[in-house]
Amino acid sequence: METALKHSVDEVLPPARLGLLGLQHVLAMYTGCVTVPLVFGAAAGLDTHTIGLLVNADLLVAGLITLLQALGVGNVLGIRLPVVAGATFTAVTPMILIAGQYGVQAVYGSMLAAGVFGILIAVPFARAVRFFPPVVTGSVITVIGLSLIGVAAGLITGQESAPGYAAPSKLALAFGIVLVIVLVGRFARGLVGQLGVLIGLVGGTIVAIFLGMTDFSGVGGAAWLGIAAPFHFGVPQFPPAAVISMCVVMLVTFTESTASMLAVGEMTGRPVTSRDLARGLAAEGVSGVLGGVMNGFLDTVFGQNVGLVGITKVSSRYVAAVAGGILVVLGLIPKLGEIVAALPGPVVGAAGLVMFATVAALGIGILRRVEFEDTGNLLIVAVTIGVGLLPVVAPKIYQSFPAWAQVIAGSAITSAALTAFVLNLLFHHTRRPQR
């Protein structure tokens, strides 16, 4: 009788099915998750060994936050829905800017501070979600995707000053991977159809081996089991501008995850209340604290896993818990991190190109729900995209500004988020003058 009354979200499936469905969730999000440390590490000039460490830390934190979201801790943390967490692309550009301006210690210090900020504001944010309508979220997510395409291009071509810059072999390999991803997406079905990026990465790496573009020499010396020491880069630093920038990133991440959590609630037949949402957002704040301490990254609810819940119609949160457990295990295998970190730039760049452009497309999809006629929303979107992409097309535009201002205004994501939020308040939450 008790089993009959149990909601499908709380159903514990047979072990074999639970394991396979959990593994499917990991496969669907794995490439997107590890792309973030690969892109950040390359842009920050870190060596292969250190990037491998970031990959492991990224998977470990993502696994822990996924477990926290699925299982929950009392009435404080975790939304208790089948959601899978992973590193957010939103933080990539601000982290690169902070690393260049203040060093990697400031990256993790500001992430730690943003995590605490996220935990503190989870409840008020859940109650004030009306200030982040689709016109704000869609504009910002579109800018996130567009602003990162240049990073993917840099990985494909290599450094301009280095030999072999934009070599035909690099471009051919990258475009070949994109073609594989497109063909898999067009003709494959089921699980294989969702793994186009992963298939492209594996196939591209095999081709790169024959082209002499790979160096896996560091893999042999890596341990099979281990974990990086907390604060690997040293004592964290907290430059105010860096902290403000990462706190804005946290707000954008909350906005993105709110939409995903509400969608999963609808799919599973368990509507998300403001209390549920606050617990889920607080768990993402914990990802900032864990990431800052354990050399990881801010996490968000992964959209591809939300889509997977819709496709499979499996509502059990224990499937997500199994996925979290698998991610934790993967995060404790340094040899795996070294393998991923040694992937050639053109291979990672090609996958990143598709992933980042997909983020932009998701933003455009959100904007389709916006009413543009006589609302001012068209101007909000236009100005947000314009201001957000200024530092992308003209990277030195704010070079005369103080260092703190460069970190905030020079980040496409931070500037877009602030612009969209302020313009939405101006157009939709202030009184118009009487004529």
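## Basis of the model

The model is predicted: local features need pLDDT of at least 70, side-chain atom pairs count only at pLDDT 80 or more, and totals for chains, interfaces and linings use all residues. Residues are numbered from 1 along each chain as its sequence is written, and side-chain values use heavy atoms, with hydrogens and water left out.

Helices (H or I, at least four residues) and strands (E, at least two) are DSSP runs, numbered from the N terminus.

## Asn295

Asn295 sits in the loop between helix H11 (274–294) and strand E2 (299–301). Its phi is near 65°, a positive value in a residue other than glycine. Buried means under 20% relative accessible area, exposed over 50%, and partly exposed in between (1.4 Å probe, protein chains only).

A polar atom of the Asn295 side chain lies 2.9 Å from the backbone nitrogen of His232. Contact means heavy atoms within 4.5 Å. Leaving aside neighbours within four places in sequence, Asn295 is in contact with residues including Leu53, Leu54, Ala57, Tyr108, Phe231 and His232.

## Phe231

Phe231 is one of the contacts of Asn295. Phe231 lies in the loop between helix H9 (196–210) and H10. Its phi is also positive, near 50°, in a residue other than glycine. Phe231 counts as partly exposed because its relative accessibility is 34%.

## Val61

Val61 belongs to helix H3 (residues 48–71).

Val61 and Phe297 are 236 residues apart in sequence. In space, their C-alpha atoms are 7.5 Å apart. Not counting residues up to four places away in sequence, Val61 touches Ser287, Leu290, Gly291, Met294, Gly296, Phe297 and Asp299. Leu290 is also in contact with Asn295.

## Helices H10 and H18

Helix H10 (residues 240–268) packs against helix H18 (residues 412–428) at an angle of about 65°. Their axes are 9 Å apart. Axes are lines fitted to C-alpha atoms, for helices over the stretch in contact, and angles run from 0 to 180 degrees between N-to-C directions. The crossing is left-handed: the near helix is turned anticlockwise from the far one by less than a right angle.

H10 contributes Ser245, Val248, Val249 and Val252 to the contact, and H18 contributes Thr414, Ala417 and Leu418. By class, the contact has five nonpolar, two polar and no charged residues. Ala, Val, Leu, Ile, Met, Phe, Trp, Tyr, Cys and Pro count as nonpolar, Asp, Glu, Lys and Arg as charged, and the others, Gly among them, as polar.

Methods
A polar contact is a pair of N or O atoms within 3.5 Å; within protein, one must be able to donate a hydrogen and the other to accept it, and residues adjacent in sequence count only if both atoms are side-chain atoms.
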